Amino acid sequence: RYNGTGGDRVRNASSTASLSLFYNRSIGKNKAFAISVSGGYADALSRKHLWRESNQSDLVAFDRFNRVKNKSYVFSGMANYSFGSAYVGAQYYLSKIDQNADGTDYSPSVQTATAYTGYSFNGDNMSFSPSVGGTFTHTSSQGIKDTDFVPYMRLNYNIWVNEGKAQGLSGSASVAVTNASTASGGLLTSAQTFLDNRFISVGNPYLKSSWGIYPRLRASYYKPDGKVSAELAYTANYTRRYNAPVIFEEGDMFYYTNTGLGHNWSHSVSLNARWKVLSWLSLSPYFGYSGTSFETPTQKVDFNYFRAGGSVSVTVKDFYFSLNANSPTKSVDGDIITHGSAQYSASAYWDYKNLSLGITYHYSNQQNYTKGRADGFQYLNKSNGRASSVMIRASIYLSKGKKHRHPNAGGASGVDTGLTQAQQTKQ
């Protein structure tokens, strides 16, 4: 039995700023040109302290410190030209991080450039939209550079019924071949973070982007009077060069790092429904299933999980109330299994003209854990107890001139702070 004292202290601080500019212009009949540019900056600091004091001779006392300071810069741009039912476009993204980790400097960067073209055909009860293109990805860290090209292809087919007894039925089928993920800059350095005295999280400057094939089927029904709706969806994913965390042993230490695995098969089924019981009362249940299979260097993973949830909402004139509940989450990524506690919330909103006021209460029983294993090693990080939070929101909407919607504006809302999960959480 362990007899002594120990602790785990993490202090994080970050600030971000971003600016996005969007320009849209119609050129003649059925022609339009849109361009957007975005920039962002983030400053982040993580300080972590692990220690143990022991009065037993067979337990080793230790004192571990980690300090990571990041300055992150991001720029993105998008240009799109549409003419009739066709369009062409391009996107560019750059993320750069200046990192000092325990006195060592790193400067990882990630760039992606995408070009695409597509066409959309719309009929009385169907639509078909193919698009093709490609994405170049370039990563650089610690003198290690990698350039990769992934073709882009997407096919979407939709069909619906506008009249008769089957009115309200619709279905869709789609398949995409595209870039699956690009490593964030914080994972591309060799910075080390102690998770325990002999367990270290470390980056991987050799990470490459992954790509995949993603088919999806959907069937839905919407009753014309709006009282009942339901959607059943099935998604299958095949990811090649799947990036995931693995645990391995080197000397007398164990390491946790992201690496490229061969491939990953996964699929999911979801059912969402909404029933308007009364003019002011609605019920919305949800059911889901997910499964995945892949291999890491130390194990073969076959994972299946079911989840359910739902909400009850009440709308009375300008007031809106809702109660929400969701069962625990569970997912597997490489050698790591993550379990999240059940979530509950209650919300109330009041909307009047351009003013909106609201309050939301969140509660969870904090049965969260992360666990992993490798040959001769097991890792468990568990938190018990309860957690609750209250969020108050006040919004006022001001507008002038004509209103435009700007899809795919390529904003820089996702500024990568460069801090990994290990650098931000307690163990």
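Lys69 and Asp43 join their side chains in a salt bridge, 2.7 Å from N to O. A salt bridge here is a side-chain nitrogen of Lys or Arg within 4 Å of a carboxyl oxygen of Asp or Glu. The pair links distant parts of the chain: Lys69 is in strand β3 (residues 62-83) and Asp43 in strand β2 (residues 31-54), 26 residues apart. Strands are DSSP runs (E, at least two residues), numbered from the N terminus.

This is a predicted model: local features need pLDDT of at least 70, side-chain atom pairs count only at pLDDT 80 or more, and totals for chains, interfaces and linings use all residues. Residues are numbered from 1 along each chain as its sequence is written, and side-chain values use heavy atoms, with hydrogens and water left out.

**Salt bridges**

The count comes to six salt bridges. Three of them are listed here.

| Pair | N to O distance |
|---|---|
| Lys69 and Asp43 | 2.7 Å |
| Lys96 and Asp98 | 2.7 Å |
| Asp146 and Lys208 | 4.0 Å |

Asp146 sits in strand β9 (residues 144-160), and Lys208 in the loop between β12 (199-202) and β13 (210-222). They are 62 residues apart. Is Asp146 buried or exposed? Asp146 is buried, because its relative accessible area is 19%. Buried means under 20% relative accessible area, exposed means over 50%, and partly exposed lies in between (1.4 Å probe, protein chains only). Lys208 is partly exposed at 39%. Asp43 is buried at 18%, and Lys69 is partly exposed at 27%.

**Aromatic pairs**

There are 15 aromatic pairs. Rings of Phe, Tyr and Trp (its six-membered ring) pair if their centres lie within 6.5 Å; planes under 30 degrees apart count as stacked, over 60 as edge-to-face and the rest as tilted. Tyr289 and Phe306 have ring centres 4.9 Å apart and planes at 40 degrees, so this pair is tilted. Tyr289 is in strand β18 (residues 281-295) and Phe306 in strand β19, so the pair ties together parts 17 residues apart in sequence. Phe306 is exposed, at 63% relative accessibility. Trp350 and Tyr352 are stacked, 5.8 Å centre to centre with 5 degrees between the planes. Phe199, Tyr256 and Tyr379 form one aromatic cluster.

**Surface patches**

A nonpolar surface patch covers about 930 Å². Its residues include Val228, Trp275, Val316 and Phe319. Patch residues have over 30% relative accessible area and no salt bridge; like charges are joined within 9 Å, nonpolar side chains (Val, Leu, Ile, Met, Phe, Trp, Tyr) within 5 Å. Val316 lies in strand β19 and is partly exposed at 42%.

Technical notes
Accessible areas come from the Shrake-Rupley method with a 1.4 Å probe; for residues, only the protein chains shown count as cover. Helices (H or I, at least four residues) and strands (E, at least two) are DSSP runs, numbered from the N terminus.
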